[in-house]
Amino acid sequence: MLRRITIRFLGPLGTPLASGTLFGHLCWAYLDSHGEDALAAWLADMESRRRPPFLISDGMPSGFLPRPLTRPELPKHDLALDEAAE
């Protein structure tokens, strides 16, 4: 599932919006809402998975998305159609 979140700032930024910084702020918000033990359990759960439950990209200008990490799959070639054409 792809989600795009728009952040509107009330003041200027001191640094670029790097993914690690955004994840750190997400962790601070989780800590503030649920407490230290819940944050530790949430992080441990994420580490125990083979694949992370979500990825955070660096901040992008409005209307843009980051480049995909992998290229799209090419359509599979159907040998049956080739044989039927002969």
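Q: Is Asp 45 buried, partly exposed or exposed?
A: Buried means under 20% relative accessible area and exposed means over 50%, with partly exposed in between (1.4 Å probe, protein chains only). Asp 45 has 35% relative accessibility, so Asp 45 counts as partly exposed.

Q: What kind of model is this?
A: Local features need pLDDT of at least 70 and side-chain atom pairs pLDDT 80 or more, while totals for chains, interfaces and linings use all residues of what is a predicted model. Residues are numbered from 1 along each chain as its sequence is written, and side-chain values use heavy atoms, without hydrogens and water.

Q: Which residue forms a salt bridge with Asp 45?
A: A salt bridge puts a side-chain nitrogen of Lys or Arg within 4 Å of a carboxyl oxygen of Asp or Glu. The structure holds one. Here the closest N and O atoms are 3.0 Å apart. The partner, at 41% relative accessibility, is partly exposed; it is Arg 49.

Q: What pattern does the protein chain follow along the sequence?
A: Helices (H or I, at least four residues) and strands (E, at least two) are DSSP runs, numbered from the N terminus. The chain has three helices and zero strands. Read in order, the pattern is α-α-α.

Q: Where is Ile 5 found?
A: Ile 5 is exposed, because its relative accessible area is 73%. Helix H1 covers 19–34. Ile 5 is found in the segment before helix H1.

Q: How much of the protein chain do buried residues make up?
A: The count runs over the 86 residues in the protein chain. Buried residues make up 6%.
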